[in-house]
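Subject: Structure handover

Hello,

Here is the structure we talked about handing over. My notes follow below it.

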Amino acid sequence: MGGSAPRYPRSPLKANGDEMSEFPAEADLEALGEEIPLLEGIRTTRSIRRLKPDPVPRALIRKVCEAGTFAPSGGNRQPWVFVAVDDRDKRRWVAERYLPVFRDYIQPSIERGEREHFPQPLMRNMRSALHLAEHLDEVPVLLFIAGFTRRGERQSQALFPCTQNILLACRAVGLGASFTMLHLSFGKECDRMLGLPDNIPSAAMIPIGWPLGKYGRPPRASVDSKLFFNEFDASTLGAERPIE
Ligand SMILES: Cc1cc2nc3c(=O)[nH]c(=O)nc-3n(C[C@H](O)[C@H](O)[C@H](O)COP(=O)(O)O)c2cc1C
């Protein structure tokens, strides 16, 4: 690979860069993911929603949750609680409720996109989200991120840095993952099923499994169309704008 070409370091589990091989029993979970440079990992983390049903070791779930615990939080209160659901019946319970809601939400957009020829990356994104919804019961781990309320209010914002750390850690160790919140449409019922009390509601769910696809750069507008120094300029918002 040339010196200036972007490198996409593979985890030890993705030696050929393609399909994940069988998880080797002797894999060194402590070393897994530690070799990936931080910024490169950030740039190559995307929603991976096509996942194999193969089990994920609990030690790896612990490892990615540990990365979550290094997130900042107001006053360092560390309000997060993780419930990793790998029980088949509980996963099916979630999937049965997630799918109809998600289908109602996304199907009209997919149909409109087909009629109006939305850009392919957007269509791919919507179809992969629907695929996840249709196969949620096959995903080996549904990781719920919950957190203590403050003065009776849900504190989702306090949990999102933690959630992003977990997504990055999944990328580092070679697991596929994505950020979802749709379970909140049946959130109270779901929290009861998870044994979460009213003062620790869930805020996000990360379906985790071994990826069928590859990590890579997600489609993003250039930072040059988003970054302003000292003063925002609406006339150039969205335009590609080289920084002098
Ligand atoms: C607040 C929030 C809620 C989201 N909810 C869902 C969801 O319910 N289902 C889903 O499949 N993806 C969900 N996503 C993932 C986004 O769709 C995804 O990050 C976005 O399309 C960009 O795709 P990428 O991550 O592959 O770059 C959510 C993301 C965020 C930040």
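Is Asn230 buried or exposed? Asn230 is exposed, because 5 other C-beta atoms lie within 10 Å. The cut-offs are these: a residue is buried if 20 or more other C-beta atoms lie within 10 Å of its own, exposed if 12 or fewer, and partly exposed in between, with C-beta atoms placed from the backbone. Asn230 sits in the segment after E4, and its phi is near 75°, a positive value in a residue other than glycine.

Two points on how to read the model. Residues are numbered from 1 along each chain as its sequence is written. The model is predicted: local features need pLDDT of at least 70 and side-chain atom pairs count only at pLDDT 80 or more, while totals for chains, interfaces and linings use all residues.

Overall layout

The protein chain has six helices and four strands. Helices (H or I, at least four residues) and strands (E, at least two) are DSSP runs, numbered from the N terminus. Along the sequence the pattern is α-α-β-α-α-β-α-β-α-β. Of the 244 residues of the protein chain, 28% count as buried. Two residues are in contact if their C-beta atoms, placed from the backbone, lie within 7 Å. Among contacts between residues at least 6 apart in sequence, 79% join residues at least 24 apart.

The sheet

The four strands form an open sheet in the order E1-E2-E4-E3, with antiparallel pairing. E1 and strand E3 (176-177) stand at the edges with a single partner strand each, so one side of each has no neighbour in the sheet. Strands count as paired if DSSP finds at least two bridges between them. Strands of a sheet pair through backbone hydrogen bonds, either parallel or antiparallel.

E2 pairs with E1 in the antiparallel sense over six bridges, and six bridges also join E2 to strand E4 (residues 202-209), again antiparallel. Leu142 of E2 stands opposite Val85, and Leu142 also stands opposite Pro207 in E4. Ala146 stands opposite Ser202 in E4.

Seven of the seven residues of E2 are buried, so this strand is largely enclosed by the rest of the structure. In a regular strand the side chains alternate between the two faces of the sheet. On one side of E2 the buried residues are Val141, Leu143, Ile145 and Gly147, and on the other Leu142, Phe144 and Ala146.

The helices

Helix H3 (residues 88-116) has 29 residues and reaches 39 Å from its first C-alpha to its last, close to the 42 Å expected at 1.5 Å a residue. That expected span is 1.5 Å times one less than the number of residues. H3 has a kink of about 35° centred on Arg103; the bend at a residue is the angle between axes fitted to the seven residues ending there and the seven starting there. Val94, Tyr98 and Phe102 are buried in H3. The elements covering the buried residues of H3 include strand E1 (80-85), helix H4 (120-134), strand E2 (141-147) and helix H6 (187-194).

His117 is found in the loop between H3 and H4. His117 has a positive phi of about 55° although it is not a glycine. His117 is exposed, with 8 other C-beta atoms within 10 Å.

Helix H5 (residues 156-173) has 18 residues and spans 26 Å, close to the 26 Å expected. Leu159 lies in H5 and is buried, with 24 other C-beta atoms within 10 Å. Leaving out residues up to four places away in sequence, Leu159 touches Pro79, Trp80, Ile145, Gly147, Ala203 and Ala204. After H5 comes Gly174, whose phi is positive, near 95°.

In helix H2 (residues 58-68) the buried residues are Leu60, Ile61, Lys63, Val64, Cys65 and Gly68. The buried residues of H2 pack against E1, E2 and H5.

The ligand

Around the ligand are Arg46, Ser47, Arg49, Asn125, Ala129, Leu132, Ser178, Phe179, Thr180, Met181, Leu182 and Pro218.

Regards

Methods
Near = placed C-beta within 6 Å.
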